Amino acid sequence: MAIDYHHLKNRAFAPVQQHYTERDTMLYALSLGLGNDPLDAAALPFVYEGLEGGLRALPTQAVVLGYPGFWAREPDTGIDWVKLMHGEQRVRWHQPLPASGAVVGKNRVTHLIDKGEGKGAILVMERQLESATGELLATLQQVTFLRGDGGYSQLRGGQPSDAPLPALQPTPEDRAPDFTDTQSTRPEAALLYRLMGDFNPLHADPAVAAKAGFERPILHGLASYGLVAHAVLRQCGAGNPARLKALDIRFAAPVYPGETLVTEIWRVPGQPRQLQLRARVAERDKVVLSHGYAELA
């Protein structure tokens with residue numbers, strides 16, 4: 001069954017209303033691995049409510065709020081969901097995310113791009129995350145690579161293919177990073193992070209991971225994304241989550257739970273609020289997140 005451009009572009013998603021508590025905020029940070037080192041002062045404000053100023057939410061917690069669930073698995077989509085991969089994540093924060101509260105997620109498919117038979121397709125999902133009073137907190141774009149669904153436009157008689165998003169830029173090759181940050185992940189990290197609402201069995205079931213071509217279950221890309229955000233705040237934002245205004249990243253290769261994530265950050269010349277970044281796993285010296293961009297307040 002080939003995917004249907006018009007059906008996916010017009011697929012209705014009910015607003016997702018969600019209330020989250022300080023316990024949820026702490027669990028989110030713990031699922032990323034913050035708190036692995038009990039003496040890490042930079043992690044403590046996100047996992048402990050007893051400090052002056054109270055608990056803080058990592059800005060990237062927005063990606064697990066107002067989430068419509070693993071809807072690509074529904075039969076009506078026609079998506080070969082076993083082969084889909086999270087390709088990129090882009091977020092713009094309009095207001096700091098409270099440590100607890102009520103939010104509404106408004107989701108829609110904005111782009112469907114056919115790369116050709118055997119080359120996959122790209123789906124872009126946009127989410128407007130609002131407070132219960134209607135204040136816009138964040139705008140998220142999730143870019144998903146549908147590895148098993150290329151060529152849909154020819155199979156369905158010339159259906160449309162949207163223009164791609166503006167391309168993310170690679171990090172500099174001619175100079176060393178200005179900042180480097182190292183964070184470990186736990187062996188059970190994927191099993192913890194799936195409690196945030198992403199229950200794709202690719203991250204838990206070895207048989208599903210093997211069918212998708214991986215040696216074992218992989219870590220959610222958004223878990224690595226959260227760790228990169230924390231690295232940016234540690235190194236360049238004085239630990240203040242309100243300073244992160246934008247973060248874009250491409251998921252270049254899988255991270256396996258238990259590996260060590262090394263984030264490399266470059267200043268953009270003449271643009272003191274803008275950064276470029278990437279991340280690699282130390283054990284394999286493999287770039288796993290690339291083409292990163294961050295903007296600070």
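This is a predicted model: local features need pLDDT of at least 70, side-chain atom pairs count only at pLDDT 80 or more; totals for chains, interfaces and linings use all residues.
Residues are numbered from 1 along each chain as its sequence is written, and side-chain values use heavy atoms, with hydrogens and water left out.

User: What distance separates the centres of domain 1 and domain 2?
Analyst: The domain assignment, an automatic or database one, gives domain 1 as 1-164 and domain 2 as 167-296. The centres are taken over C-alpha atoms, and their separation is 15 Å.

User: How many residues does each domain bring to the contact?
Analyst: Contact here means heavy atoms within 4.5 Å. On that basis domain 1 contributes 35 residues and domain 2 contributes 40 residues.

User: What area is buried between domain 1 and domain 2?
Analyst: Buried area is the accessible area (1.4 Å probe) that two parts lose on being put together, summed over both. In domain 1, the residues that lose the most area to domain 2 are Ser31, Leu32 and Trp93, together 16% of what that side buries. Carbon and sulfur atoms give 62% of the area buried between the domains, which is about 3200 Å².

User: How many salt bridges does the rule find across the interface of domain 1 and domain 2?
Analyst: A salt bridge requires a side-chain nitrogen of Lys or Arg within 4 Å of a carboxyl oxygen of Asp or Glu. Across the interface of the two domains, the number of salt bridges found is three.

User: Which element gives the most to the side of domain 1 that touches domain 2?
Analyst: Helices (H or I, at least four residues) and strands (E, at least two) are DSSP runs, numbered from the N terminus. On this side of domain 1, α2 (22-32) and β2 (84-93) each supply at least two residues. With 10 residues, the element that gives the most is β2.

User: Is Ala238 buried or exposed?
Analyst: Ala238 lies in the loop between α6 (221-236) and β7 (244-251), and has a positive phi of about 55° although it is not a glycine. Relative accessible area (1.4 Å probe, protein chains only) under 20% means buried, over 50% exposed, and in between partly exposed. Ala238 has 72% relative accessibility, so it counts as exposed.

User: What is the relative accessibility of Asp285?
Analyst: Asp285 occupies the loop between β9 (271-281) and β10 (286-296), and its phi is positive, near 45°, in a residue other than glycine. Asp285 counts as exposed because its relative accessibility is 56%.
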